[in-house]
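The sequence and structure come first.

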Amino acid sequence: MRVPLTDPGATYARHREELDAAVRDVLGSGWYILGEQVGSFEREFASAVGVGHAIGVGNGTDALELALRGCGVVRRDEVLTVSHTAVATVAAIERAGATPVLVDIDEDTMTIDLRQAERAIERRQPRAVVVVHLYGHPVDMTALTRMAARHGTMVIEDCAQAHGAEWDGRRVGSFGNAAAFSFYPTKSLGGFGDGGAVTTTSDEVAERVRSLRQYGWRERYVSDEIGMNSRLDELQAAILRVLLPHLDADNRTRREVAARYDQELAGHGLVLPPSPPPHAAHAYHQYVVRTSQRDELAATLREAGIGTAVLYPVPVHLQPAYQGRVETYDDLPATVRLREELLCLPMGPHLTDADVDHVIAEVQRWAGAA
Ligand SMILES: *Cc1c(COP(=O)(O)O)cnc(C)c1O
């Protein structure tokens, strides 16, 4: 029996007819960049997030860069974020010309340590903070937006792992000055290639991002400022339009799988992901367990045909391209400690009940033997 960590091919198999038809329509349309499909997807995605604007772009990293630039972040501005994230988060800040300052995570939620973030905001008065709803766990946006507002700091949300996560009854991606999404194939809403989107409630930010994604044009062939080329294409937009209506059901499946893991894996010596407060909804992009014997558990599961992942074996501030160059608020002890201890178990709508049973049985067997 094989249980993969994620399975984008299964997404295709589940929606094959609709996807084939959508792709065929685009190919036959004679129009491949910034057309009807992208426009419709942008409206549908904005409505799903609960904002006025979504702008389709080339990928999640570009979405972050464009969100930052669209909000007016410029060269030498400081931007606060975490080191326990995809390197893309920090890379995008530097691509926007800004200087990242990295803070620690909270050991329970594995997202930004709000107390340290507040101290860092007070001391450094950064232009913006990029909050990452990592693994689908929503950051406390009430506390975060309140502290940011007090200091005039802008908020950009990295929602690459949090499609459909909620805080206080609202979808993430609707709280900040702008937000960035990725539609990379393994994300909770993923196409069959690269793709991303910026969401915002601000007309002004939306207009700026639209211009920046295409050479800084407001009027065709006339660049008002230095832009880039980062466009969602018609094929990916048509594919995402087929998959978007299934996002909520897929997330319900993720929550059901998480609930079974929660129930069956408790009391076996693993630290399980914390449930968010009742007014929030975890998107469970990943189900991440914590143990000091992480590598042993991964090896045991591999032998049983179960895919696992260590998503961030090296925090950004310790990677060769960043070490000694990127600024950190302190030694980031929680970030450094957790790098040795976190393991992602299989998660996603591709899992059958039998798959989940197999994962649970093998983890329990390992825990009994360990
Ligand atoms: C995937 C991811 C990104 C980057 O998205 P791409 O589409 O791969 O550029 C950014 N931030 C986080 C947290 C991610 O998981």
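Which residues are the closest to the ligand, and how many surround it? The ligand is surrounded by 13 residues, and the closest are Gly 60, Thr 61, Asp 158, Ser 182 and Lys 187. A residue is near a molecule if one of its heavy atoms lies within 4 Å of it.

The model is predicted: local features need pLDDT of at least 70, side-chain atom pairs count only at pLDDT 80 or more, and totals for chains, interfaces and linings use all residues. Residues are numbered from 1 along each chain as its sequence is written, and side-chain values use heavy atoms, with hydrogens and water left out.

**Ligand site**

| Residue | Polar atom of residue | Ligand atom | Distance |
|---|---|---|---|
| Gly 60 | backbone | oxygen | 2.7 Å |
| Asp 158 | side chain | nitrogen | 2.8 Å |
| Lys 187 | side chain | oxygen | 2.7 Å |

On its own the ligand has 380 Å² of accessible area, and the protein covers 89% of this (Shrake-Rupley method, 1.4 Å probe). Helix H4 (60–70) and helix H5 (87–95) are the elements that give two or more residues to the shell; helices are DSSP runs of H or I with at least four residues, and strands are runs of E with at least two, numbered from the N terminus. By class, the shell holds four nonpolar, seven polar and two charged residues. Here Ala, Val, Leu, Ile, Met, Phe, Trp, Tyr, Cys and Pro count as nonpolar, Asp, Glu, Lys and Arg as charged, and the others, Gly among them, as polar.

**Aromatic pairs**

Rings of Phe, Tyr and Trp (its six-membered ring) pair if their centres lie within 6.5 Å; planes under 30 degrees apart are stacked, over 60 edge-to-face and the rest tilted. The count comes to 10 aromatic pairs. Among them, Tyr 215 and Trp 217 are edge-to-face, at 4.9 Å centre to centre and 65 degrees between the planes. Tyr 284 and Tyr 287 have ring centres 6.2 Å apart and planes at 25 degrees, so this pair is stacked. Phe 41, Phe 45, Phe 181 and Phe 183 form one aromatic cluster.

Buried means under 20% relative accessible area, exposed over 50%, and partly exposed in between (1.4 Å probe, protein chains only). Tyr 284 is buried at 6%, and Tyr 287 is buried at 0%.

**Strand E13**

Tyr 287 belongs to strand E13 (residues 287–290), which has both faces covered. Tyr 287 and Val 289 on one side, and Val 288 and Arg 290 on the other, are all buried. Strand E13 runs antiparallel to strand E15 (residues 342–345), with four bridges joining them; two strands pair if DSSP finds at least two bridges between them. Arg 290 has Leu 342 as its bridge partner in E15.

Conventions: A polar contact is a pair of N or O atoms within 3.5 Å; within protein, one must be able to donate a hydrogen and the other to accept it, and residues adjacent in sequence count only if both atoms are side-chain atoms.
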